[in-house]
Amino acid sequence: MIENNTKKRIHRYLCVGIFLVLAFSAVFVLNLTTGSVPGSVKEILEALTGKAGDSNVVKIIRIIRLPRVIMAALLGGALAVSGFLLQTFFGNPIAGPFVLGISSGAKFTVALNMIFWVNMSKSGSSLAMILSAFAGALLSTAFIILVSGSVRHKAGLLVAGIMIGYICSAATDFLLTFAEDKDIINLRGWSMGSFSGMSWDGVFVSTVVIGITLIITFLLSKPIGALRLGENYAKSMGVNVKVFRIVIILLSSVLSACVTAFAGPVSFVGIAVPFLSKQMLKSSDPVVLIPVSFMSGAVFCMLCDLIARCTFAPTELNISTVTSIFGAPIVIFMLMDRRLDGKA
Amino acid sequence: MERPENYTDKKALKQKGSSAGDDSDAAMKNIIRPNGLSVRDDSDVAMKDIIRLNGLSVGYEGDAIIENIDLEIGKGEIVTLIGPNGAGKSTILKTISKQLEPVLGAVYVSGRELRKFGSSELAKVLSLLLTERIDPEYMTGRDIIETGRYPYTGKMGILNEKDHAVVDGIIKLLGISELAERPFRKLSDGQKQRILIGRALAQEPKILILDEPMSYLDIRHKLELIEILKKLRSEKNITIVMSLHEFELARVIADKVICVGEEGISRAGKPEEVLQPDVLKELYGITDEQFKLLLQSMRLVL
């Protein structure tokens with residue numbers, strides 16, 4: 001029976017892994033070929049190998065679609081892992097990557113930037129925008145870490161995060177009373193997120209930031225796994241809980257800050273995807289869940305971006321519109337599932 | 001709650017000590033305890049005691065609930081803490097297991113001060129059963145027990161053959177081979193408790209700290225647990241410190257019973273000496289009539 005259980009598990013992990021690799025490849029290719037100018041696999045290869053294929057499709061794929069799909073994959077994966085970390089930490093399945101006030105902090109600094117500094121109408125994701133969003137996200141994080149030292153119970157952190165959210169929203173609303181209409185519209189657009197206008201520079205930067213963060217996260221699988229039994233048991237096993245709290249907050253924040261900086265706050269991915277991943281794997285073990293959440297988040301976001309881009313082409317939907325339409329029912333389903341079958 | 005007169009003095013002393021530098025030992029040595037002994041430092045502590053509490057005050061955030069505990073626990077002893085709810089049994093256990101910092105004084109384990117242990121170093125010596133409930137997703141009983149191997153596994157926490165053998169041994173010892181393969185969340189409270197006791201054992205500790213291990217267990221499993229704890233003591237010479245609500249069980253398992261009452265530790269000693277009607281009545285604040293009722297109910301059943 002014991003052997004059976006282990007075998008079943010490994011079998012399940014393998015199936016999920018193979019499914020994800022296939023899904024990833026299929027959605028990736030679909031994203032490159034679909035659009036106002038359809039492309040073929042042959043043209044994708046030309047774009048990838050960089051031979052001077054001068055046809056328009058190849059150019060579009062190389063300059064526009066490829067960076068965009070890579071970013072959707074990277075950022076989607078990052079969001080899922082960020083959500084997984086916070087859910088494990090708080091022991092709460094609906095703690096998302098933005099519960100600690102990161103998106104509101106970013107929105108505030110972006111609004112500041114938009115109104116007093118940059119003329120938004122020129123470019124949607126200029127460097128100044130990315131930097132200001134990242135700075136705002138990290139500012140919220142810094143505040144949370146400051147609070148975390150003196151909060152006895154981690155539920156206090158959640159409250160602190162929500163309060164930061166309120167403060168930043170209030171400050172943003174205050175700013176908006178003095179803003180021009182176009183700024184308000186732009187800010188609203190930003191806060192719904194979008195993967196459009198991604199550049200190769202962006203791909204490079206986020207690959208480095210997310211890559212390093214993910215590697216560190218994966219290497220910390222063991223203490224993250226111990227947290228599943230709660231902080232006190234983790235402490236009794238030898239985890240330095242005080243330090244580890246800050247590490248978890250930092251890691252998840254860098255991931256979601258990176259997403260917010262490049263694509264704006266993308267909702268629901270961080271809550272729905274880790275849930276689905278756990279359900280698929282029937283496991284909560286970080287060693288498998290970190291890579292699987294990342295892959296699932298990537299697939300989910302690429303798919304949502306494809307839908308956002310193509311359903312009402314040439315008009316594009318905001319990414320959060322699509323992720324919410326798919327994500328929210330999943331969250332509801334998950335609550336119902338809990339009620340029906342008790343405990344999974 | 002009343003506090004002894006010297007309470008504020010000691011607190012002031014402690015604050016002075018910690019602001020002067022982080023070495024509160026220095027400040028500690030200056031404190032003369034009521035019985036006239038000054039607190040010893042590490043080198044004086046005899047090795048035969050595996051746990052020693054020296055002038056220990058326990059509590060939360062610097063507020064002591066119980067003050068000035070002096071206690072020695074020998075290797076292989078089974079010690080039980082009895083007393084009313086909220087008196088501080090758990091607080092003492094949490095302080096001994098380094099979940100809580102001492103308010104004052106120190107805990108020594110194998111002659112070494114507790115705070116000088118690295119956290120994973122301590123985890124190999126001392127393991128813990130807490131009263132708090134846990135709710136981990138998608139973990140089987142076996143998964144939970146396996147987390148007890150944490151201090152022994154490598155960087156990624158993968159169990160090797162020896163780890164699996166230890167876990168299998170514990171599952172067999174506790175007779176939970178069927179429970180171990182089921183999802184933890186679907187188990188009853190008593191079944192969860194047995195899994196968590198297994199988890200504590202998987203750490204292969206020299207000292208086992210159990211906070212109310214008998215709660216949720218039915219009478220058969222209570223008796224089984226007593227047998228298991230005795231076996232652990234006789235086979236592996238494990239030292240066990242636990243809190244119990246069932247003082248009648250303390251009589252058959254404990255080498256030493258400590259009464260933790262409203263005014264701190266009121267009595268400590270051999271179970272046959274401590275577990276007397278008068279002591280119990282006073283400790284729990286039971287009236288004579290209530291005590292008669294208790295005796296009556298026991299007699300009727302037996």
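**Chatting through a two-chain model**

Q: Hi! How many residues of chain A are in contact with chain B here?
A: In this predicted model, 26 residues of chain A are in contact with 25 residues of chain B.

Q: Which helices of chain A supply residues to that side?
A: Helix H1 (2-33), helix H9 (221-226) and helix H10 (231-237) of chain A each supply at least two residues. H10(A) gives the most, with five residues.

Q: And how do the residues on that side divide into nonpolar, polar and charged?
A: On the side of chain A that touches chain B there are nine nonpolar, eleven polar and six charged residues.

Q: OK, let's go inside chain A. At what angle do H8(A) and H11(A) cross?
A: Helix H8 (residues 200-219) and helix H11 (residues 241-263) of chain A cross at roughly 165°, and their axes come within 9 Å. That angle makes H8(A) roughly antiparallel to H11(A).

Q: Is that crossing left-handed or right-handed?
A: H8(A) passes H11(A) in a left-handed crossing.

Q: Which residues meet there?
A: From H8(A) come Gly202(A), Ser206(A), Val209(A), Ile210(A), Thr213(A), Ile216(A) and Thr217(A). They meet Leu251(A), Val254(A), Leu255(A), Cys258(A) and Phe262(A) of H11(A). This contact has eight nonpolar residues, four polar and no charged.

Q: What about H3(A), how does that one run against H11(A)?
A: The axes of helix H3 (residues 56-90) of chain A and H11(A) cross at roughly 150° and come within 9 Å. So H3(A) is roughly antiparallel to H11(A). H3(A) also passes H11(A) in a left-handed crossing.

Q: What residues are in that contact?
A: On the H3(A) side they include Met71(A), Leu75(A), Leu79(A), Leu86(A) and Phe89(A). On the H11(A) side, Ile248(A), Leu251(A), Leu255(A), Cys258(A) and Phe262(A) are among them. The contact of H3(A) with H11(A) divides into 15 nonpolar, three polar and no charged residues.

Q: Switching to H12(A): how far apart are its end C-alpha atoms?
A: They are 18 Å apart. At 1.5 Å a residue, the 13 residues of helix H12 (residues 269-281) of chain A should span 18 Å, so the two agree.

Q: How many of its residues are buried?
A: Eleven of the 13 residues of H12(A) are buried, so this helix is largely enclosed by the rest of the structure. Among the buried ones are Val269(A), Pro274(A), Phe275(A), Lys278(A) and Leu281(A).

Q: What comes just after H12(A)?
A: Lys282(A), which takes a positive phi of about 50°.

Q: Now chain B. Where is Gln203(B)?
A: Gln203(B) sits in the loop between helix H8 (189-202) and strand E7 (207-211) of chain B.

Q: Buried or exposed?
A: Gln203(B) is buried, with 24 other C-beta atoms within 10 Å.

Q: What does Gln203(B) touch?
A: Leaving out residues up to four places away in sequence, Gln203(B) touches Ala123(B), Ser127(B), Gly148(B) and Pro151(B). The C-alpha atoms of Gln203(B) and Val125(B) are separated by 8.1 Å, although the two are 78 residues apart along the chain.

Q: Last one: what is phi for Glu212(B), and for Tyr216(B)?
A: For Glu212(B) phi is near 50°, a positive value in a residue other than glycine. For Tyr216(B), also other than glycine, phi is positive and near 75°.

Q: And where are they?
A: Glu212(B) is in the loop between E7 and helix H9 (219-236) of chain B, and Tyr216(B) lies in the loop between E7 and H9 of chain B. Glu212(B) is buried, with 20 other C-beta atoms within 10 Å, while Tyr216(B) is partly exposed, with 16.

Technical notes
Residues are numbered from 1 along each chain as its sequence is written. Chains are lettered from A and ligands numbered from 1 in the order in which they are written. This is a predicted model: local features need pLDDT of at least 70, side-chain atom pairs count only at pLDDT 80 or more; totals for chains, interfaces and linings use all residues. Two residues are in contact if their C-beta atoms, placed from the backbone, lie within 7 Å. Helices (H or I, at least four residues) and strands (E, at least two) are DSSP runs, numbered from the N terminus. Ala, Val, Leu, Ile, Met, Phe, Trp, Tyr, Cys and Pro count as nonpolar, Asp, Glu, Lys and Arg as charged, and the others, Gly among them, as polar. Axes are lines fitted to C-alpha atoms, for helices over the stretch in contact, and angles run from 0 to 180 degrees between N-to-C directions. Angles under 35 degrees count as roughly parallel, over 145 as roughly antiparallel, 65 to 115 as roughly perpendicular and the rest as oblique. A crossing is left-handed if the near helix is turned anticlockwise from the far one by less than a right angle, and right-handed if clockwise. The expected span of a helix is 1.5 Å times one less than its number of residues. A residue is buried if 20 or more other C-beta atoms lie within 10 Å of its own, exposed if 12 or fewer, and partly exposed in between; C-beta atoms are placed from the backbone.
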